[in-house]
Amino acid sequence: MSEADILVSAEGAIRRLTLNRPQRLNALTRSLLGQLSDALADIAADDTARVLIISGAGRGFCAGQDLTDKGAVEDGRTCRDTVERFYNPVVRQIRSLNVPVIAAVNGIAAGAGMSLALAADITLAQESAVFDLAFARIGLIPDAGGTYQLQRLLGPARAMGLAMLGEKLTAREAVEMGLIWRAVPDADFTAEVDALAVRLAKAPTLALALMKKAFNAGGHHSLEQQLALEAELQSQAADSEDFQEGLKAFLEKRPASFKGM
Ligand code: T3D
């Protein structure tokens, strides 16, 4: 039996998905994307999950679409089918997951692999990692939410320049431009990712999920719509057990112990 394209592991409240085609720098096939989607659906249904890490096996995070996966890249019709049936669902799942998603970028993130890294809530990269907007080099446009995320994170001038020129960024440049959260020395990367996951697994998970909802909507809302949404989501947060605990812990001058509900 061949090894799975996605490795799934769990430790307490932490879930980890590893893209597992290291011989191809974890390039994305329909099979891998289908498995990724199934794994994300399982985590969405798992009440005990409080944080997800997505990473890559071997020396790369993800080289984007597998350009040898003939069934996916043959022509315009098959590309559209691949994007609609395989890429878009995964991006929607990551953006709507009720737990924080960390992209642990352990090496090159190219094409749709870069888009996947940017779909996460917190993107952390090894200092040696490279973000490669490879699309223009092969005559395609950034997909898997790439045009949305790049413009939102960088502003149109830098997003367009990077996309049209197919530029590569070091992890440090990506941090300086506001594209990702942090670049970490390679030797410290695994420990830093694990520490971040442990910290988020102890956070008020419901409030984080509501924050994610607010930030997702903020990109296309007017100020009035966003103020109304904040009022609604804040009322949900204030009804949570975690808010009661946070308040109590503050008054008792001790660290809060959140249960995620
Ligand atoms: O179908 C649709 O819906 C279209 C959707 C498109 C979305 C996209 O993601 S388009 C963008 C696709 N990705 C790329 O164009 C990147 C292609 N790869 C590269 O440019 C380079 O491999 C990298 C810059 C990413 C890394 O370079 P390097 O020198 O570190 O590694 P390498 O030697 O090029 O790659 C290692 C192996 O992985 C190599 O195989 P080999 O020669 O050892 O047998 C290479 O061919 C393979 N590989 C790397 N990227 C891909 C790939 N194989 C298939 N597809 C890839 N994308």
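## Arg 95 and helix 3

The side chain of Arg 95 makes a polar contact with the side chain of Asp 121, at 2.9 Å. A polar contact is a pair of N or O atoms within 3.5 Å; within protein, one must be able to donate a hydrogen and the other to accept it, and residues adjacent in sequence count only if both atoms are side-chain atoms. Arg 95 is found in helix 3. Helices (H or I, at least four residues) and strands (E, at least two) are DSSP runs, numbered from the N terminus. Is Arg 95 buried or exposed? Arg 95 has a relative accessible area of 17% and is therefore buried. Buried means under 20% relative accessible area, exposed over 50%, and partly exposed in between, with a 1.4 Å probe and protein chains only.

This is a predicted model, in which local features need pLDDT of at least 70 and side-chain atom pairs count only at pLDDT 80 or more, while totals for chains, interfaces and linings use all residues. Residues are numbered from 1 along each chain as its sequence is written, and side-chain values use heavy atoms, with hydrogens and water left out.

## The ligand and its shell

Which residues come nearest to the ligand? Of the 27 residues around the ligand, these are Ala 63, Gln 65, Leu 67, Ala 72 and Ala 112. A residue is near a molecule or strand if one of its heavy atoms lies within 4 Å of it. The shell around the ligand divides into 15 nonpolar, 5 polar and 7 charged residues. In this count Ala, Val, Leu, Ile, Met, Phe, Trp, Tyr, Cys and Pro are nonpolar, Asp, Glu, Lys and Arg are charged, and the others, Gly among them, are polar.

Taken alone the ligand exposes 1100 Å², and the protein buries 69% of that. Accessible areas come from the Shrake-Rupley method with a 1.4 Å probe; for residues, only the protein chains shown count as cover. Helix 2 (70-73) and helix 3 (76-96) are the elements that give two or more residues to the shell. Helix 3 supplies the largest share, 4 residues.

All 5 of the 5 residues of strand 5 (residues 101-105) are buried, so the strand is largely enclosed by the rest of the structure. In a regular strand the side chains alternate between the two faces of the sheet. In strand 5 both faces are covered: Val 101, Ala 103 and Val 105 are buried on one side, and Ile 102 and Ala 104 on the other.

Strand 3 (residues 51-56) runs parallel to strand 5 and is joined to it by 3 bridges. Two strands pair if DSSP finds at least two bridges between them. Ile 54 has Ala 103 in strand 5 as its bridge partner. Strand 5 also pairs with strand 7 (residues 122-126), in the parallel sense and over 4 bridges. Here the bridge partner of Ala 104 is Leu 124 in strand 7.

## The hairpin of strands 1 and 2

Strand 1 (residues 6-11) and strand 2 pair in the antiparallel sense over 6 bridges, and Leu 7 stands opposite Thr 18 in strand 2. The two strands form a hairpin with 2 residues between them, and Gly 12 in the turn has a positive phi of about 60°. Val 8 lies in strand 1 and counts as exposed, at 58% relative accessibility.

Asn 20 lies in the loop between strand 2 (14-19) and helix 1 (30-44). Asn 20 is buried, with a relative accessible area of 11%, and its side chain reaches the backbone oxygen of Ala 4 at 2.9 Å.

## Cysteines

How many disulfides does a search of the whole structure find? The search finds 0, where a disulfide is a pair of cysteine sulfur atoms within 2.5 Å. The sulfur of Cys 62 is 15 Å from the closest cysteine sulfur, in Cys 79, so the two are too far for a bond. Cys 62 counts as buried, at 0% relative accessibility, whereas Cys 79 counts as partly exposed, at 24%.
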